[in-house]
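Morning, everyone. I have one structure to walk through. Please have the sequence and the 3D view open.

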Amino acid sequence: FIRFLRLDKTEATYFSLLVRFGKARRLDQSRLYFEKLVNLREPMVKSLDADRFEYFSKWYYSAVRELLNVTRKVDDYEALGARLVPPISAHEARQAVLLLEKLGLIVRSADGAVALTDSFISTGEILGSIAIRTFQQEMMRLAIESVDRVPPRLRETSSLTISTTPSTFAAMKDRLREVRRELMEMARADEGAAGVFQINLQMFPLSRVDEEVQP
C-alpha cells in the first residue's frame, strides 16, 4: 500500500505507525505508538496534541483545576499540592497550573486570583480513545486506593453483581449516563465548594457475552 501511494520515507513511517496504533490491543502499546506519531507531526500540531494528551495522562491535572475553584489563589505550590489526596509535589502542582493556563482552562488576574474558564478540551479522533482510557485507568486506580486511604464517611463505595438481558443492559447504560448528567448539574448549581471529589460510574461484564446480541 505504501508503494502504491508512493509515500516518501517520513510518510511511510507515519502510515506504518498509524497501522500499528490501530491494531494495538493493550493501552501501553497504544500510548507508545501514539507518542511516536505525535513526534512526527508538525511542531504546532505536535505541541497541541502533546498538551492535550498530557492533561489526560495525570489524574491531578483535572483535580488541581477543580481545587483552584475552591482556593481561588496560587501563591504556594507546596500547599496547593498538599491539599490533594494523595498529595503531589510543589513541582507537580506548578506544572499542573502552567498546563491549565496554556490550555486556557484557567485564567489568572494581576492580584493572583484564579478563575476557571468555560473552555473544554477536544481530544480529537485519534487522541480521544487512548487519552480517555489512560484517564479512566488513573481514576479507577485512585478508587481502589481510596478504600484504604479514605474513611467511609468521606466516600461512597458500593458494588452490585447482576445478570440481565441485552435490552435491559442498554437501558441501564442509558440510566447511568442520566445519573452522570444529573450529578453534573447538581455540582454546577452548587454555590461555593469545600473540596474536590471524583465520581466513577462503571458497568462491565464478569462473564463472556455473545457479541451478536450486544446492543
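Predicted model: local features only at pLDDT ≥ 70, side-chain atom pairs only at ≥ 80, totals over all residues.

I'll take confidence, then backbone, then aromatic rings, then a surface patch.

Mean pLDDT for the protein is 84. Of its residues, 87% reach 70 or more. Helix α6, residues 77-82, has the highest confidence, at a mean of 95. The lowest is helix α4, residues 43-57, at a mean of 64. Within residues 43-48, pLDDT is below 50. That stretch has four contacts in the model beyond near neighbours in sequence.

Next, the backbone. Most residues other than glycine have a negative phi, and most peptide bonds are trans. R6 sits in the loop between α1 (2-5) and α2 (9-23). It is exposed, at 77% relative accessible area.

Now R72. Here phi is about 70°, again positive in a residue that is not a glycine. R72 is in the loop between α5 (59-71) and α6. At 40% relative accessibility, R72 is partly exposed.

Then the peptide bond between V85 and P86. It is cis, with omega about 0°. P86 belongs to the loop between α6 and α7 (90-102).

On to the rings. How many aromatic pairs does the structure hold? Five. Take F56 and F135. Their ring centres are 5.9 Å apart and their planes stand at 90°, so this pair is edge-to-face. The pair links distant parts of the chain. F56 is in helix α4, F135 is in helix α8 (residues 125-149), and 79 residues separate them. Buried or exposed, F56? Buried, because its relative accessible area is 10%, below the 20% cut-off. F135 is buried too, at 18%.

Another pair is Y60 and Y61. Centres are 5.1 Å apart, planes at 55°, so the pair is tilted. Y60 is buried at 8% relative accessibility. Y61 is buried at 4%.

Ring pairs also join Y55, F56 and F135 into a cluster.

Last, the surface. L183, M186, I199 and L201 make a nonpolar patch of about 370 Å². L183 is in helix α9, residues 166-189. Its relative accessible area is 32%, so L183 is partly exposed.

Technical notes. Residues numbered from 1 in each chain as written. Heavy atoms only, no water. pLDDT = per-residue confidence, 0-100. Helix = DSSP H or I, 4+ residues; strand = E, 2+ residues; numbered from the N terminus. Contact = heavy atoms within 4.5 Å. Patch = residues over 30% accessible without salt bridge, like charges linked within 9 Å, V, L, I, M, F, W, Y side chains within 5 Å. Areas by Shrake-Rupley, 256 points an atom, 1.4 Å probe, with all protein chains shown as cover. Salt bridge = Lys/Arg side-chain N within 4 Å of Asp/Glu carboxyl O. Buried < 20%, exposed > 50% of the residue type's maximum accessible area, 1.4 Å probe, protein only. Phe/Tyr/Trp six-rings, centres within 6.5 Å; stacked < 30°, edge-to-face > 60°.
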